[in-house]
Amino acid sequence: MEKELGKLKKNETTEIIIRVDEYKGKKGLTIREFVTSEKYTGFTKAGTRISPENFFSFREMINSIDSKEFMENPEILDSKPKKEKKPKKEAKSESVSKEENGPSEEELAQE
């Protein structure tokens, strides 16, 4: 059982990978560096593992952080991470008339 939650780029050759995984039969949250270089590609010893017993305390600590306290540029907080766009659903059947759907958002904006 392994679920990658995300990656943060540390530098040109290193990413921090956050995942829920199992080690020696025990589940946990792993935060570890992953290096890609000519000499070695893989996880390093740098990182930590949060046990299920400590996870909720860890999450409370993270959620209690006021990010403005350690940010040099608080305006960065206004920008949210970009999410991948999901493909749009197919348009409704053409047999449904405009009158049944009502005006589009574009038509409302023009009024």
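Me: Buried means under 20% relative accessible area, exposed means over 50%, and partly exposed is in between (1.4 Å probe, protein chains only). So, buried or exposed: which is Asp 21?

Reply: This is a predicted model, so local features need pLDDT of at least 70 and side-chain atom pairs count only at pLDDT 80 or more, while totals for chains, interfaces and linings use all residues. Numbering runs from 1 along each chain as its sequence is written, and side-chain values use heavy atoms, with hydrogens and water left out. Asp 21 has a relative accessible area of 6%, so it's buried.

Me: How far apart are the closest N and O atoms where Arg 19 forms a salt bridge with Asp 21?

Reply: A salt bridge here is a side-chain nitrogen of Lys or Arg within 4 Å of a carboxyl oxygen of Asp or Glu. Arg 19 is itself buried, with a relative accessible area of 14%. In its salt bridge with Asp 21, the closest N and O atoms sit at 3.2 Å.

Me: Which residues do salt bridges that share partners join into one network?

Reply: Asp 21 also meets Arg 49 in a salt bridge, at 2.5 Å from N to O. Asp 21 is in strand β2 and Arg 49 in strand β4 (residues 41-50), so this pair ties together parts that are 28 residues apart in sequence. Arg 49 is partly exposed, at 28% relative accessibility. Through shared partners, the one network takes in Glu 2, Arg 19, Asp 21 and Arg 49.

Me: How many salt bridges does the structure hold?

Reply: Among them are Arg 19 with Glu 2, Arg 19 with Asp 21, and Asp 21 with Arg 49. Across the structure, the number of salt bridges is four.

Me: Switching to the largest pocket: which element gives the largest share of the lining?

Reply: A pocket is an open set of 1 Å grid points where a 1.4 Å probe fits, with protein on both sides within 12 Å along at least five of seven lines, and lining residues have an atom within 4 Å of a point. The lining includes Leu 5, Ile 18, Leu 29, Phe 55 and Arg 59. Elements giving two or more residues are β1 (3-9), β2 (14-23), β3 (26-36) and α1 (52-63). With four residues, the largest share comes from β1.

Me: What separation do the C-alpha atoms of Phe 55 and Gly 28 have?

Reply: Phe 55 belongs to helix α1 and is one of the residues lining the largest pocket. Phe 55 is partly exposed, with a relative accessible area of 26%. Phe 55 and Gly 28 are 27 residues apart along the chain, and their C-alpha atoms are separated by 8.0 Å.
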